[in-house]
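Please find below a short note on the structure.

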Amino acid sequence: MRARLRFLARRLALAVPTVLFIVIANFVLLHLAPGDAAEVLAGEAGSATPEMVAQLRQKFGLDQPYHVQLARYLGRTLTFDLGYSQRQGMSVAELIGKRLPATLLLMGTTIAIAIGIGVLLGVLAARGLNTWRDRLISVFALLSYATPLFWAGLMLIVVFSIKLDWLPTSGMENVAAFYEGPKRIVDIARHLVLPALTLSLFYLALYTRLMRAAMLEQSGMDYVTTARAKGLDERTVVFRHILPNALLPVVTMAGVQVGALLGGSVVVETVFAWPGLGQLAFDSLFSRDLNLLLGIFFVCACLVVVANLLVDIAYTWLDPRIELD
Amino acid sequence: MRGLRLLVPALALLLGILTVVSSPGALAQKRGGTLVMIVQPEPPSLASYQNTAAPIGQVAAKIYDGLLEYDFDFKPHPSLAKSWTVSPDGKTITFKLQEGVKFHDGKPFTSADVQFTFMNVLKKVHPRGPITFRDLEAVDTPDPYTAVFRFSKPAPYAMAALSGYESPILPKHVFETGDLMNHPNANKPIGTGPFKFVEWEKGQYIRLDRNPDYWRKGEPYLDRIVARFIADAGTRTAAMEKQEAQLAAFSAIPGVELSRLKALPFIDVSIKGYEMISPIVLIELNTTKKPFDSQKVRQAVSYAIDRKAIIDTVFLGYGKPATGPISSNFEANGLYSKDVTNYAAPNAIEMANKLLDEAGYPRKGDGVRFEIVHDIIPYGEDWRRMGELIVQQLGKVGIKVTLRYEDVPTWLRRIYTNYDFEFNSNFLFTLPDPVLGVHRTYWSKNVRPGAPFSNSARLTLPKVDELLEAATVEPDHAKRAALYHQFQKIVVDEAPVIWVTELNFTTVSSKKLKDYLVSPLGVYTSFNRAWLE
């Protein structure tokens, strides 16, 4: 336990420079993009005087040289003050705080579905190697992997929402009814089904293939032969011996993909009008709301760091030979 | 059981007949219900006094009233002002205000609020206010229900700019303290309108509830309006199809879906309600550089563009060829003139080729006269398709076009700050009066680097400046119209921009939603009389 705590502390300490580096890199990269938030606001207004644009720029702090802006930004970030989004008229922390639950809900559900079903299908396919079951699963995986997310999303809407009328098209809750209490939870769950399913499809396919390959690889190992020679039944061999070993690559992949999932969710959030961080980031990029965008990147960087840490810890549970050190 | 099965439809039929027979000509408005309207994109704020973007106007106009409302002939009607008189010299307008009106926080509305709104807010922080009300010297308040507008020069256009969308009346007691550019109530608006702001879940919806103390007794009929934000066009269509929403304006539903939706028994598609916005699709030419410094080249390109083909293939029939800077919607009040060079002539291609030869750009060995880059307004796929069509159309007369598509901030900076372009597509709202929406593109004093949608073609024409300046202060409507007719003739001949189409925005609505379209401002109105069947 003490080793684990020491490990945690060390990794967290190492994460600080990583995150700082990410913040600086983001800041520099984003400032390379032409145009700024004041111009976008003036452009949206349809008409504005140059004096007004200058006034906005001054208010947003955009009239300062870049290094001053960067120094100010870093100073604030170190105290966990993410600043203020002039465009949205709200503090960045508050904006992200409001969107984070929706993102985490969608991400959590997606990871659960993708890993759960992916592992199951992978095991099933590997156990019935080259049978119709294996082929069916492989074809399904290939199709899910190759289908563009936005198309899959729209098709699910057409089928389940318009034709069958089972589920709502989009949004996170019914805005004509404004349910409360348990009814609201059911309502949100109903809204969650299609986006989570869409976003899972791709990852599910990936984990299925990965799991199948890992299962097959492990099946040929000496320890499996030993286990069989000991007279263990097939069930125990598969679930106690092969499965935990085969899970390692899947867990590794899942950890790496937390970051990708945040990015991939932009498409799904757009299609299903899901009020998560992806859409917020997308909008803030096109409105050059850099404070907000940097804030989102910061939070995402932290999420990825934490996810990787969790994966490292998960290794030690799955494979006791791996030591935290 | 069998008998019962027959009885029910029979009764229903009888009831149906009775209802049809007994109902009078007009259906009675019904109280109650929630209107879900799709607003695209999500507004950046609700400060309609500071930002005139369409999504803001659609929501804020339900909360803030204006002094006036307008009918389809652009004639003003009472709103917060119950009557008004204009002095013979056009320099003084006296408004009598409604009595007993309360803001949503319970405080009374008086002439002090009107004075504060115009002098301290609209003249200072509104994007168009400093231009619209530049000659407004003072608003006098002899008593709480009289507001006297004193102009240094006649301002005939100002009467067209007093709607709740263009000039929302704010509560002085709320907005006089704090920074107007960043006011705590910017996103928690308090007005006198039929609907009160309740909450804004960013990324999801804005909820407005019925104002029970609205000054028009018995109105509004709706209990609630919810503005929903759905970023994907396909999903917006699905939401309308599934009747999760009842209204989607400003072409939120893409043109390709309209014919399918229109066929549904419960959907209406309309192009009305944009007459005071009158968007015109145009191409801005950089007249300070070769080749568009030559009037002949500009005219040639204008001839070479096939407006009809663009409307039919890109805008799927929703539009009308544009003939000049003022929209034909202004035929209603006589400002529009047809007496201009007709670039949609039958021999247009021939004319274009002739003019290009004359301008000194003969076809070279490969048939190409010169090459240009076409910047595309980054507001979606339609504009890209229009660009591709233009590549073909100009190719026919020997102009080789390359397309350039950038994101909004990059594009804005390129066109309106750096002027680093040759040929740029755009669409501009020409608004309820030419002073507000037309002058900016042609008046040489509106060449203002850094101001989006100002005069980017930068052609200086003293005669045009003179006419525009005269029309601005001409109180006599007929004389003013004559000045605009002259202006149209000259500027169309000079062709600093190419007028392509008068764009039709579409509004998709549920047939259950009634009486929402009552003004040339369309969804920029308060919906005080809208109701759901």
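1. The expected span of a helix is 1.5 Å times one less than its number of residues. In this predicted model, helix α8 of chain A runs over residues 182-219 and has 38 residues. A straight helix would reach 56 Å at 1.5 Å a residue, but the end C-alpha atoms of α8 in chain A are only 47 Å apart.

2. Where does α8(A) bend, and by how much? The bend lies at A:Leu201 and amounts to about 40°.

3. Chain B contains an open sheet of six strands with mixed pairing. The strands follow the order β14-β18-β13-β17-β15-β16. At the edges of the sheet are β14 (319-321) and β16 (399-405) of chain B, each of which pairs on one side only. On average, neighbouring strands of this sheet are turned by 30° against each other, direction ignored.

4. Strands of a sheet pair through backbone hydrogen bonds, in either a parallel or an antiparallel manner. In chain B, strand β15 (residues 370-376) and strand β17 (residues 423-429) run parallel and are joined by two bridges. The bridge partner of B:His374 in β17(B) is B:Phe423.

5. Which parts of the two chains touch? In chain B, 45 residues are in contact with 44 residues of chain A. Elements of chain B that each supply at least two residues of the side touching chain A include β1 (34-38), β10 (224-228), α6 (233-241) and α12 (408-416). By class, this side of chain B has 22 nonpolar, twelve polar and eleven charged residues.

Conventions:
Residues numbered from 1 in each chain as written. Chains lettered and ligands numbered in written order. Predicted model: local features only at pLDDT ≥ 70, side-chain atom pairs only at ≥ 80, totals over all residues. Pairing = 2+ DSSP bridges. Helix = DSSP H or I, 4+ residues; strand = E, 2+ residues; numbered from the N terminus. Axes fitted to C-alpha atoms, helices over the stretch in contact; angles between N-to-C directions. Contact = placed C-beta atoms within 7 Å. Nonpolar A, V, L, I, M, F, W, Y, C, P; charged D, E, K, R; others polar. Bend = angle between axes of the 7 residues up to and from the residue.
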